[in-house]
Amino acid sequence: MADYVLGLAALGRPAYINIGRDGALPADRGVDAMRAASWEVLDAAYAAGIRWVDVARSYGRAEEFLAGWLADRGHTGVRVSSKWGYRYTADWRPDAEVHEVKEHSLGRFRTQWAQTRALLGQAVSVYQVHSLTPDSPLFTDPPLLDALAGLRAEGVTVGFSTSGPAQADTVRRAFELESAGERVFSLVQSTWNVLEPSAGAALDEAHRAGNTVLLKEVLANGRLAVDPPAAFAAAASDAGVTPDALAVCAAARQPFADGVLLGPASPAQLAANLAETTAGYPADLAEPPERYWATRSALPWH
């Protein structure tokens with residue numbers, strides 16, 4: 001089974017696209033209330049044995065919340081990963097028209113790496129390009145690739161996350177990128193769930209080549225927890241677990257998965273996610289990638 005990684009995408013800002021998040025968070029979405037909610041989930045995850053936390057520059061104040069928690073609790077041995085490429089633009093307004101803006105440039109990388117280091121210091125040991133897609137200018141930007149590769153000298157693992165219907169192509173192309181004759185990336189974080197497993201073969205290749213593979217959005221942004229296909233819900237019921245637990249276990253059992261990201265908004269959601277089962281699930285739930293990603297793009301920020 002893969003290790004579990006706690007992601008703070010749903011806790012570092014007052015609005016996100018995850019379904020089923022509203023009732024789990026405090027009615028007050030102020031900074032102090034969201035910090036307290038984040039720390040509560042971090043405490044629960046630590047107590048459950050989770051020792052990897054994943055954040056990003058665009059997750060509102062997630063890096064700040066995590067840095068404060070680490071300093072206050074004094075925990076050692078917690079692996080921290082973050083991501084650059086998106087800039088959070090909502091200014092803590094849930095009704096903002098635009099919540100984040102993407103830019104894969106050398107200037108954005110340098111600015112955001114400095115910001116991440118300022119908040120998390122040496123605690124951050126993995127830094128990832130956020131949502132790499134085939135059309136990213138990163139693929140044809142040698143100075144940016146050299147700068148990313150330079151993080152290795154600081155003891156930082158260099159990775160990337162993927163999104164969109166062409167994830168498999170992105171994974172294969174990105175792992176071929178080199179700087180000074182060495183591969184730039186050694187870690188990937190990709191969406192994989194029972195509705196969108198299309199990157200599986202490429203992720204298996206990456207894993208077999210010795211790269212670290214993390215699976216994200218294993219609940220399909222909450223769809224598999226709140227409104228799963230009837231056959232999937234029935235399989236979970238027969239196994240005596242909730243659909244979210246079955247979805248998490250389905251991802252964790254993939255032979256190429258080194259880690260599975262969980263994005264709970266409360267300790268109760270975390271506990272539900274972590275319920276273990278060896279039950280099987282219907283094998284014919286996959287949606288065409290284009291349809292899956294169109295549905296995801298249509299999810300509202302709330």
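Trainee: What makes up the secondary structure of the protein?

Mentor: In this predicted model, the secondary structure comes to 11 helices and 12 strands. A run counts as a helice-type element with at least four residues, and as a strand with at least two.

Trainee: How do you know that the protein agrees with a compact globule?

Mentor: Set the value against the rule: with 302 residues, a compact globule would have a radius of gyration near 19 Å, and the protein has 18 Å, so the two agree. The C-alpha atoms fill a box of roughly 55 × 45 × 40 Å along the principal axes.

Trainee: What share of the residues is called buried, and by which cut-off?

Mentor: Buried means under 20% relative accessible area, and 55% of the 302 residues count as buried. As for the accessible surface, about 12100 Å² in total, 51% of it belongs to carbon and sulfur atoms.

Trainee: What share of the contacts joins residues 24 or more positions apart?

Mentor: Taking contacts with a separation of 6 or more, such residues account for 78%.

Trainee: Which classes of residue form the lining of the largest pocket?

Mentor: The lining has 21 nonpolar, 17 polar and 10 charged residues.

Conventions:
Residues numbered from 1 in each chain as written. Predicted model: local features only at pLDDT ≥ 70, side-chain atom pairs only at ≥ 80, totals over all residues. Heavy atoms only, no water. Nonpolar A, V, L, I, M, F, W, Y, C, P; charged D, E, K, R; others polar. Rg over C-alpha atoms; globule rule 2.2 N^0.38 Å. Buried < 20%, exposed > 50% of the residue type's maximum accessible area, 1.4 Å probe, protein only. Contact = heavy atoms within 4.5 Å. Areas by Shrake-Rupley, 256 points an atom, 1.4 Å probe, with all protein chains shown as cover.
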